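Visitor: I am new to this one, so could you show it to me and explain the words as we go?
Guide: Gladly; here it is.
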Amino acid sequence: MKNIVVTGATGRTGSLVVKKLRQRQNTFEVVGLARSQEKVEALFNSTEGFIFGDIREPDTLKDALVGCQGLVILTSAIPRPKGDTKPGERPELGFPMGEMPEQIDYYGQKHQIDAAKSAGVEHIVLVGSMGGTDPNHFLNTIGEGKILIWKRKAEEYLINSGINYTIIRAGGLIDEPGDRELLVGKNDQFLNNPPDGIKTVVPRADVAEVVVQALLEPEARNKAFDLISKGEDGSGATQNFTRLFAQTTPGL
Ligand code: NAP
């Protein structure tokens, strides 16, 4: 039995990971970390199996990780529309005060990694985003937040922490059914040279499955990779995750 903490457990991918891990009750004991009791109740009908904390406040993370073997980091700064938008206009996006990517995606992740190290956690699975090699990527321009730059700095911090890591840099997340054929790469190769006829997207359900498999498969340890999926062309779901992880490599 592995004790796993999932942060960002009320998030769109984090909540799927909690549900998937709970389905494997003979293998995993899962605790979700969230900041909103209301959201947990709305998503899970109960707060059982959850603890409440804020990744900006290291003291709220310590107890959660004691006795855990694995940590799944699924927290992220969330861009929101700034002010009112006229009909037909695209909203200007920014980050709420105190929730800039530097605070959430760098220091917030760092606090989680530090707490995990102090608690003796063996393995951290971190979900990040493709695009981090390009300072001019449009996500970096939102609210002058440089979100992908800060996410990448946190990935580097994790790699240097000495804890076993799996870093999954997802392509554009979509809320379509999972079970697609998955493709792994590195260094934004899919963004720079998209494979013919394939969009650089991946269903959140498939990202959640890759997180679960990464906790199970030794081949996923100390690897960082980009992740996209093939379309629904009938090519079939990825079944062999050992083979998928064998195509991935260590280091940033
Ligand atoms: P999401 O729904 O935006 O969830 C983010 C989670 O972080 C939420 O549960 C949020 O809590 C939590 N959080 C934020 N600040 C926190 C704080 N101070 N303390 C505790 N929790 C905090 O995530 P997602 O869209 O599933 O994305 C998952 C990951 O994939 C993210 O790292 C994202 O950047 C990355 N990604 C996204 C895309 C995309 O297309 N959107 C593409 C590639 C990669 P609340 O629920 O309370 O707000």
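Visitor: Why does Asn222 count as partly exposed?
Guide: The relative accessibility of Asn222 is 28%. Buried means under 20% relative accessible area, exposed means over 50%, and partly exposed is in between, with a 1.4 Å probe and protein chains only. Asn222 therefore counts as partly exposed. Before we go on, please note that this is a predicted model, in which local features need pLDDT of at least 70 and side-chain atom pairs count only at pLDDT 80 or more, while totals for chains, interfaces and linings use all residues. Residues are numbered from 1 along each chain as its sequence is written, and side-chain values use heavy atoms, with hydrogens and water left out.

Visitor: Where is Asn222 found?
Guide: Look in the loop between α8 (204-216) and β12 (223-229). Helices (H or I, at least four residues) and strands (E, at least two) are DSSP runs, numbered from the N terminus. Asn222 is not a glycine, although its phi is positive, at about 60 degrees.

Visitor: What makes Asn45 count as exposed?
Guide: Its relative accessibility is 70%, and the word exposed asks for over 50%. So Asn45 counts as exposed. You will find Asn45 in the loop between α2 (37-44) and β3 (50-52). Asn45 also has a positive phi, of about 65 degrees, and is not a glycine.

Visitor: What makes the protein as compact as a globular protein of that length?
Guide: The protein has 9 helices and 12 strands. Its radius of gyration is 18 Å, close to the 18 Å that the globule rule gives for 252 residues, so the protein is as compact as a globular protein of that length. The radius is taken over C-alpha atoms, and the rule is 2.2 Å times the number of residues to the power 0.38. Along its principal axes, the C-alpha trace spans about 45 × 45 × 35 Å. Of the 252 residues, 48% are buried.

Visitor: How many aromatic pairs are there?
Guide: The count comes to 5. Rings of Phe, Tyr and Trp (its six-membered ring) pair if their centres lie within 6.5 Å.

Visitor: Why is the pair of Phe44 and Phe50 called tilted?
Guide: Their ring centres are 4.8 Å apart and their planes stand at 50 degrees, so the pair is tilted. Planes under 30 degrees apart count as stacked, over 60 as edge-to-face, and the rest as tilted. Phe44 and Phe50 are both buried.

Visitor: And what makes the pair of Tyr106 and Trp150 tilted?
Guide: The planes of Tyr106 and Trp150 are at 45 degrees, with ring centres 5.7 Å apart, so this pair is tilted. It links distant parts of the chain: Tyr106 belongs to helix α4 (residues 101-119) and Trp150 to helix α6 (residues 147-160), 44 residues apart. Tyr106 and Trp150 are buried. Together with Tyr107, they form one aromatic cluster.

Visitor: How do you know that Glu99 is buried?
Guide: Its relative accessible area is 17%, and the limit for buried is under 20%. Glu99 is therefore buried. This residue sits in the loop between β6 (93-94) and α4. Leaving aside neighbours within four places in sequence, Glu99 is in contact (heavy atoms within 4.5 Å) with Arg35, Arg56, Ala77 and Ile104. The C-alpha atoms of Glu99 and Arg56 are separated by 9.0 Å, although the two residues are 43 residues apart along the chain.

Visitor: Why does Asp206 count as buried?
Guide: At 3% relative accessibility, Asp206 falls under the limit, so it counts as buried. Asp206 lies in helix α8. Beyond neighbours within four places in sequence, its contacts are Gly178, Asp179, Arg180 and Leu182. Asp206 and Leu182 are 24 residues apart in sequence and 8.2 Å apart in space, C-alpha to C-alpha.

Visitor: Is Ser235 buried, exposed or partly exposed, and why?
Guide: Ser235 has 37% relative accessibility and therefore counts as partly exposed. Its place is the loop between β12 and α9 (241-246). Not counting residues up to four places away in sequence, Ser235 touches Glu181 and Lys230.
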